[in-house]
Amino acid sequence: MSADVSEVIQKLELPPLRTLDDFALGSARFQLPNLKDFDKWGNRVVKNLIYYQTNYFLMFITIYGIMVIFNPFKIVCGLLVQAMMMAVLLQFFQKKTRIIASHSAADNQKWYMLAGALLVGYLFLHFFDALLLSGFTLLLPFSLTFVHASLRLRNLKNKVANTMVNLSASTPMAVFLDTFNIAADSLLN
């Protein structure tokens, strides 16, 4: 398993950073997609995700970094509370049966679970604004990426570059989309 992952990582090629003029300014053309034709809209999104993937990654890092600079304590607290919530939920719903030597050890484990759940519940309520801010900080770059990929019309350079990427799925976005079994319909659409 780890050998397969290391092979994929070694074969990854980072595509070039597209110019700001091509990405969002002068030569960029934007238009609302046809909301009745989901296949064409999805194809446009996938092709733009592949073509502008380096720009989207840089945009994600920039927005996330700015948000962390303005509210570092709240975002870190929100992420810690989210991690603690996941740990308690995973422990609570774990299907593994444990062989316990004594009855008191089982009682202690129940009390630890109760204490952990109460602590996480308190932290959830106390840091609710931090949880919302950390969630917003993670979702804002994804939302902006989806909006840009939906609205950005493709040009000839985009179509040619996507043809090359489709022939060799060796970019991070192509691997990510392939993992979720998402593919563009045709090479030049």
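Visitor: Which residue forms a salt bridge with Lys-74?

Guide: A salt bridge here is a side-chain nitrogen of Lys or Arg within 4 Å of a carboxyl oxygen of Asp or Glu. Lys-74 pairs with Asp-129, and their closest N and O atoms are 3.1 Å apart. The two partners are 55 residues apart, with Lys-74 in helix H5 (residues 72-92) and Asp-129 in helix H7 (residues 128-151). By this rule the count is one salt bridge. Keep in mind that this is a predicted model: local features need pLDDT of at least 70, side-chain atom pairs count only at pLDDT 80 or more, and totals for chains, interfaces and linings use all residues. Residues are numbered from 1 along each chain as its sequence is written, and side-chain values use heavy atoms, leaving out hydrogens and water.

Visitor: How far apart are the end C-alpha atoms of helix H3?

Guide: Helices (H or I, at least four residues) and strands (E, at least two) are DSSP runs, numbered from the N terminus. A helix's expected span is 1.5 Å times one less than its number of residues. H3 (residues 38-51) has 14 residues, so it should span 20 Å; its end C-alpha atoms are 20 Å apart, which agrees. Among the buried residues of H3 are Asn-43, Arg-44 and Tyr-51.

Notes: Buried means under 20% relative accessible area, exposed over 50%, partly exposed in between (1.4 Å probe, protein chains only).
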